[in-house]
Structures are given as C-alpha cells and as structure tokens.
Amino acid sequence: MLREKHHQYIAAILKRYPVKRSAMLPLLNLAQREEGYVSEAAMKEIAAILDLTPSQVYETATFYTMLNLKPIGTFHIQVCKSLMCALVGADELIHWLEDHLGIKVGETTSDNLFTLSVVECLGSCATGPMMQVNDDYYERLDRQKVTQILDDLRRNGTSPLKSGPFMCPEPVPPSS
Ligand code: FES
C-alpha cells in the first residue's frame, strides 16, 4: 500500500499543491515506480488519497502513454514513431525489433525482460531514430547499436550507449 510505505513522501507531494487533485500525476508516477505499472488497487488508493472517484483517476491514467496499466518487462522499450523519426527509419527499426525480440508491439518477451511499445514524439527529433528504455534515451539508432544496447541491458542492466547531452543544432567541430 502506497500510504503505508510512502507516508512522508505523499504528505510532501500533497503540500506542493493548493488543489489536492493536482497531485495525481506524481502519485501515479510513485505507484508505477513501486510496482512497475499502475494497478487497479493503486488507482483506488490514489482516488481515496485525493478524495476523487476511481474512475477520475483511471481517466487520467489512461491518457498518458508513460503510465503502464498492466505489468511490463524489466526494460520498457519505447520507440518514437512520429514524423521526424519516421523519416529516418523508425518503422523499419520497430519491425526489426519485433523480429529480433520475437514479440509484437505491446507484448513482453517470455523471459519478462523486454516490453516493446511505440510512442509519439519523445522530444529528441534531431537525433532519430530513437527510443527510450526505462528512464534513458538512446539516439541515432541502427541495428548494430540496438543489438549492443539489448545485449548490454541483458548482461549489465544498463548500457554505456545511453545518450549524453545532445545540443540542437549540434556544434560544428572546429576545422583543422
Ligand atoms: S519525432 Fe521522434 S523524438 Fe520527436
């Protein structure tokens, strides 16, 4: 139960907002970090905390693609399919990932490691095709790079190929 485990944190979140309902997204995020997804029980608890009905919480939770409403794999791969990424091969990457992982978009691998999702613009349009895995961005992807990222994640739980800060437009290297 969120309230039992995170009593102080929830109190601090509620203090931030003049209207209780405004704390809904931070609480949904907390629930997701706790269980990996936002369960029905968590939505009911959040509704009780915020003096709302469960359906008021549900309608917000279903609006945001970053909130998962069912259990997902250890690594949630979200590939951007919006225009700028589509122009540089996002569709091909998505199909390749489906083949490589042996799952379709929306599914989780049988070892419960990877869930594949397709999402709208992640705000990294100049460095596509790109994907987000859990909290990290991976940009300028090609098959070789994605193969290495997936291997790194399997082995180490993280990959050094996650993005550094990019600048847009990128600085031109000084001419020699
Ligand atoms: S279009 Fe892919 S990150 Fe914006």
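Trainee: How many Å separate the centres of domain 1 and domain 2?

Mentor: 29 Å, taken over C-alpha atoms. This is a predicted model, where local features need pLDDT of at least 70, side-chain atom pairs count only at pLDDT 80 or more, and totals for chains, interfaces and linings use all residues. Residues are numbered from 1 along each chain as its sequence is written.

Trainee: Where do domain 1 and domain 2 run in the protein chain?

Mentor: Domain 1 covers 2-61 and domain 2 covers 75-156. The bounds come from an automatic or database domain assignment.

Trainee: What secondary structure does the protein chain have?

Mentor: Eight helices and four strands. Helices (H or I, at least four residues) and strands (E, at least two) are DSSP runs, numbered from the N terminus. The order is α-α-α-α-α-β-α-α-β-β-β-α. The C-alpha trace spans about 60 × 40 × 30 Å along its principal axes.

Trainee: What share of the protein chain counts as buried?

Mentor: 23% of the 176 residues. Buried means 20 or more other C-beta atoms within 10 Å of the residue's own; exposed means 12 or fewer; partly exposed is in between, with C-beta atoms placed from the backbone.

Trainee: What makes Asn112 exposed?

Mentor: Asn112 has 12 other C-beta atoms within 10 Å. The limit for exposed is 12 or fewer, so Asn112 qualifies. Asn112 sits in the loop between α7 and β2. Its phi is near 65°, positive in a residue other than glycine.

Trainee: Why is Asn134 called partly exposed?

Mentor: Its count is 14 other C-beta atoms within 10 Å.

Trainee: Which peptide bond is cis?

Mentor: The bond from Gly128 to Pro129, with omega near -10°. Pro129 is in the loop between β2 and β3.

Trainee: Which residues touch the most other members of the largest nonpolar core?

Mentor: Ile77, Val79, Leu97 and Met131, in a set of 19 residues. β1 (75-80), α7 (90-101), β2 (114-119), β3 (131-133) and α8 (143-156) each supply at least two residues of this core. A nonpolar core is a set of buried Ala, Val, Leu, Ile, Met, Phe, Trp, Tyr and Cys residues joined through C-beta atoms within 7 Å. A second, separate core has twelve residues, including Met24, Leu30, Ala31 and Met43.

Trainee: What does Met131 touch?

Mentor: Ile77, Gln78, Val79, Cys80, Tyr138 and Leu141, leaving out residues up to four places away in sequence. Contact means C-beta atoms, placed from the backbone, within 7 Å. Across the protein chain, 54% of contacts between residues at least 6 apart in sequence join residues at least 24 apart.

Trainee: How do you know that the buried residues of α4 line one face?

Mentor: Start with the residues: Ala42, Met43, Glu45 and Ile46 are buried in helix α4 (residues 40-50). Seen down the axis of α4, they fall within an arc of 165°, so they line one face of the helix. The arc is that of the directions from the helix axis to the C-beta atoms. An α-helix has 3.6 residues a turn, so residues three or four places apart point the same way.

Trainee: What do the buried residues of α4 pack against?

Mentor: α1 (2-5), α3 (24-35) and α5 (54-61). Just after α4, Asp51 takes a positive phi of about 55°.

Trainee: At what angle do α3 and α4 pack?

Mentor: About 145°, with axes 10 Å apart. Axes are lines fitted to C-alpha atoms, for helices over the stretch in contact; angles run from 0 to 180 degrees between N-to-C directions. Met24, Leu27, Leu28, Ala31 and Glu35 of α3 meet Ala42, Ile46, Ile49 and Leu50 of α4.

Trainee: And how do α4 and α5 pack?

Mentor: At about 120°, with axes 8 Å apart. The contact uses Met43, Lys44, Ile46 and Ala47 of α4, and Pro54, Gln56, Val57, Tyr58 and Ala61 of α5.

Trainee: What makes Leu67 partly exposed?

Mentor: Leu67 has 17 other C-beta atoms within 10 Å. Leu67 is in the loop between α5 and β1. Beyond its neighbours within four places in sequence, Leu67 contacts Leu28, Gln32, Val38 and Ala61. Leu67 and Ala31 are 36 residues apart in sequence, yet 9.6 Å apart in space, C-alpha to C-alpha.

Notes:
Two residues are in contact if their C-beta atoms, placed from the backbone, lie within 7 Å.
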